[in-house]
Amino acid sequence: MSAPAEPTLPAPYRIVGRRQDSADVFTWTVEPLGEPALTFLPGQFNMLYAYGIGEVPVSISSAAAGEPLLHTIRAVGSVTRPMAALPVGTVIGRRGPYGSAWPLAEAEGGDLLIVAGGLGLAPLRPAILGALARRAQFGRLCLLYGTRGPADVLFADQLAAWRARGDLELRVTVDRATPDWTGEVGVVTRLIARADVDPARTTALVCGPEIMMRFAGEALLRRGVPATAIHLSLERNMKCAVGYCGHCQLGPHFICRDGPVLAWPRLAGLLDVAEL
């Protein structure tokens, strides 16, 4: 894994590709200028800096090996909206990777249940690709994915390819269906009760809106998944990414430094704390 030589100094990267994933979500492909390709662990994030605009934390959505560096971003704030308008060829700053990773190695030998809500599929994608690359090392593999509507489904082509493999249970649900939608309707947490896994030997990876993750964690506990085997990825108000500024503090944790991936017992009672 690459270690930032200067943790607060961005390195120049060029946007070499851009894909519009939904009305407000896009994916950049970026390449380094004058430094080796980045190595990272699934679940980690980078700080992306648009010169003259600002800097935001963005999870890495590419495979840890075999793909160019990808960042999937929702245009929702004062930094990411202008970012959405940057053309291919623009040079941005990148620093990282930061934070903790999904515990894929610890999950080997058991079942793997992945629960994604909305843009939460992006930071889970490297873990899914990692598990599929070592498919024989896992038992049953199940992905539950929920979005607002059919037009918001991310990585649709890849979801179809994963379903076609036949060795991954994939269920996709939407909050609001359209007339041509033939899949499931309802919140993703309702699918947990029907996931084909052995709870006692399951590791669960969860990412999405915090309220969805809280309900997902409670549903997983009701299924019998051990609390220590439930892992959530949080994205609080991260600014410095190295635990200096304290903006992302949640109880005793700095999410940028101790997270973003944290096990359920470390978050007990903290998911009700509003973000400042």
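**Close-up 1. Contacts between helices H3 and H4 in the predicted model.** In this predicted model, Leu121, Arg125, Ile128, Leu129 and Leu132 of H3 meet Gln158, Leu159, Trp162 and Arg165 of H4. Helix H3 covers residues 121-133 and helix H4 covers residues 156-165, and their axes come within 13 Å and cross at roughly 30 degrees. Because angles under 35 degrees count as roughly parallel, H3 is described as roughly parallel to H4. The crossing of these two helices, H3 and H4, is left-handed.

**Close-up 2. Strand S11 and the residues on its two faces.** Strand S11 runs over residues 202-207 and is mostly covered, with 6 of its 6 residues buried. On one side of the strand are Thr202, Ala204 and Val206, while Thr203, Leu205 and Cys207 are on the other, and both of these faces of S11 are covered.

**Close-up 3. The pairing of S11 with strands S7 and S12.** Strand S7, which spans residues 111-117, pairs with S11 in the parallel sense over 6 bridges, and here aspartate 111 stands opposite threonine 202 of S11. S11 also pairs in the parallel sense with strand S12, residues 230-233, over 4 bridges, and in this pairing valine 206 stands opposite leucine 232 of S12. Together with helix H5, which covers residues 210-223, the strands S11 and S12 make a right-handed β-α-β unit.

Close-up 4. Most peptide bonds are trans.

**Close-up 5. Positive phi values at phenylalanine 155 and alanine 241.** Most residues other than glycine have a negative phi. Phenylalanine 155, by contrast, has a positive phi near 50 degrees, and its place is in the loop between strand S8 (141-147) and H4. This phenylalanine 155 is buried, with a relative accessible area of 10%. Alanine 241, which is not a glycine either, has a positive phi of about 75 degrees and lies in the loop between S12 and strand S13 (249-250). Alanine 241 is likewise buried, with a relative accessible area of 3%.

Key: Residues are numbered from 1 along each chain as its sequence is written. This is a predicted model: local features need pLDDT of at least 70, side-chain atom pairs count only at pLDDT 80 or more; totals for chains, interfaces and linings use all residues. Side-chain values use heavy atoms; hydrogens and water are left out. Buried means under 20% relative accessible area, exposed over 50%, partly exposed in between (1.4 Å probe, protein chains only). Two strands pair if DSSP finds at least two bridges between them. A crossover is right-handed if, with the strands pointing away from the viewer, the path from the first strand over the helix to the second runs clockwise. Axes are lines fitted to C-alpha atoms, for helices over the stretch in contact, and angles run from 0 to 180 degrees between N-to-C directions. Angles under 35 degrees count as roughly parallel, over 145 as roughly antiparallel, 65 to 115 as roughly perpendicular and the rest as oblique. A crossing is left-handed if the near helix is turned anticlockwise from the far one by less than a right angle, and right-handed if clockwise. Contact means heavy atoms within 4.5 Å.
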